[in-house]
Amino acid sequence: MSPLHDDTTQPATPAADKPFRKTGAVATSESPLHPRRKSRRIMVGPVPVGGGAPISVQSMTNTLTANVPATLQQIAELTAAGCDIVRVAVPSQDDADALPEIVAKSPIPIIADIHFQSKYVFQAIDAGCAAVRVNPGNIRKFDEVGPSICKAATDAGISLRIGVNAGSLDKELYAKYGGPTPEALVASAMKEAHMFEDVGFHDFKISVKHHDVITMVETYRLLASKGDWPLHLGVTEAGPAWQGTIKSCLAFGALLAEGIGDTIRVSLSAPPVEEVKVGCKLLEYMGLRQRKFDIISCPSCGRAQVDVIQLATAVTEGLKNVTAPIRVAVMGCIVNGPGEAREADLGVASGNGKGQIFIKGKVVETVPEDRIVETLLTRANDMAAQMEANGEIPVNATGPVVIPVQHPGR
């Protein structure tokens, strides 16, 4: 392995000449709830992370990485769902050998997920991966290879992700703190951070995941107070889709509402594309990503004069591919129905076997109950097509959206 780069003996590679590096001002986004925590900025390919950059959504493929066609197909599906960064597992030589082709053909930045074998880290860097997820605690002889990993990453102009999960906490720290407590996880993360910073490497983000919502939130709060590292949020082993969604939304919502977090992954025991859908919607509802299609529907109750559940389900399914920022209200009674339908871009107030169709606050037609769904679908698709024709929707756009928010008096 070559020695660490010495700036006193040879000039550093200009940032603009390194792969993926961007020059000039990069836009920032703010939260409507709380000023974003100040963190340093790193790059994951063309996606900025930290430093106020828009919060990015990540996921991880569950295919065999060595199966290049299957992996690329899943990456395409994740990209279409709004994923900004994707991680692929590299547990074998076959997986490492597949990285160059995957990197070359992927539409979004690739992070190589590597444990135990340091040689795969260097292969991932040579393959052009945008970043590497490396766990110093389980890389053999990391004290010896760590400096060389830092030099290779610096020379390639890529970043790293480090950090700890509750299930991989160092045994000594586990014993010292009596388990994976917030203090233990933060101590482990800071130990790793100092290992990199002591050799002059700073282009990394940190994660400190835990399966318990309260422990996870307390851990990230504590770590956020200790330094300016960009933070990757995650509830590890969150569980099946419904349970994991609740856990992730609670934990991420609490932290993002405090301005903590620079990139997120919703970890679900479900197809990866479901992780992305939840992550993107979470950021939309937190005011941290531009709103796309949204449906408002009332709960089922004794006042409803139509089957609201069936109606809302049919409309949601029929408009699942619409990305235009259209808000559709599906209402089932006269109490809240007209008001909610009037406030939406498109809505229906149902009752007495018919539905009043609202567009931008005005009733445009009244249709029989059995035509409500088809009418809403037609109107919504027409609105989306018109918005796209007017240039209000970037065609096939992906990536985090910048939403500047003004805070009067700040």
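Is Cys249 buried, partly exposed or exposed? Cys249 is partly exposed, because its relative accessible area is 30%; buried means under 20% relative accessible area, exposed over 50%, and partly exposed in between, using a 1.4 Å probe and protein chains only. Keep those words in mind for the views below.

**Before you look.** This is a predicted model, in which local features need pLDDT of at least 70 and side-chain atom pairs count only at pLDDT 80 or more, while totals for chains, interfaces and linings use all residues. Residues are numbered from 1 along each chain as its sequence is written, and side-chain values use heavy atoms, with hydrogens and water left out.

**View 1. The whole chain comes to twelve helices and 15 strands.** Helices (H or I, at least four residues) and strands (E, at least two) are DSSP runs, numbered from the N terminus. Of the 410 residues in the protein chain, 50% are buried. Take the contacts between residues at least 6 apart in sequence: 64% of them join residues at least 24 apart. Contact here means heavy atoms within 4.5 Å.

**View 2. Helices H8 and H9 pack against each other at about 35°.** Two packed helices are described by the angle between their axes and the distance between the axes. H8 covers residues 241-256, H9 covers residues 272-285, and their axes are 11 Å apart. Those axes are lines fitted to C-alpha atoms, for helices over the stretch in contact, and angles run from 0 to 180 degrees between N-to-C directions. On the H8 side you'll find Thr245, Ser248, Cys249, Phe252 and Leu256, and they meet Val278, Leu282 and Leu283 of H9. Sorted by type, the contact residues come to six nonpolar, two polar and no charged. For that sorting, Ala, Val, Leu, Ile, Met, Phe, Trp, Tyr, Cys and Pro count as nonpolar, Asp, Glu, Lys and Arg as charged, and the others, Gly among them, as polar.

**View 3. Cys150 is one to look up when you think about cysteines, as it is buried.** Cys150 counts as buried because its relative accessibility is 3%. How many disulfides does the structure hold? The count is zero, where a disulfide is a pair of cysteine sulfur atoms within 2.5 Å.

**View 4. Eight strands make an open sheet with parallel pairing.** Read across, the order is E8-E7-E6-E5-E4-E3-E10-E9. The edges are E8 (204-209) and E9 (232-233), each of which pairs on one side only. Two strands pair if DSSP finds at least two bridges between them. Zoom in on E3 (residues 56-60) and E4 (residues 85-89), which pair in the parallel sense over three bridges. Ser59 has Val86 in E4 as its bridge partner, and Met60 stands opposite Arg87 in E4. E4 itself is mostly covered, with four of its five residues buried.

**View 5. Helix H3 (residues 118-126) has several buried residues.** These are Ser118, Tyr120, Val121, Phe122, Ala124 and Ile125. Their cover includes helix H2 (93-105), strand E5 (110-114), strand E6 (131-134) and helix H4 (142-156). After H3 comes Gly128, with a positive phi near 95°. In the loop between E5 and H3 sits Phe116, which has a positive phi of about 75° although it is not a glycine. Most residues other than glycine have a negative phi, and most peptide bonds are trans. Phe116 is partly exposed, with a relative accessible area of 46%.

**View 6. A second open sheet has five strands and mixed pairing.** The strand order is E11-E12-E13-E14-E15, and the edge strands E11 (294-297) and E15 (362-368) each pair on one side only. From one strand to the next, the twist averages 20°. E12 (residues 327-331) and E13 (residues 346-351) pair in the parallel sense over four bridges, and Val330 has Val348 in E13 as its bridge partner.

**View 7. Helices H10 and H12 lie across strands of the five-stranded sheet.** H10 (residues 308-318) lies across E11, E12 and E13, and runs at about 160° to E12. H12 (residues 372-389) lies across E12, E13, E14 (354-359) and E15, and runs at about 170° to E13. Look also for Lys360 in the loop between E14 and E15: its phi is positive, about 50°, although it is not a glycine. Lys360 counts as exposed because its relative accessible area is 56%.
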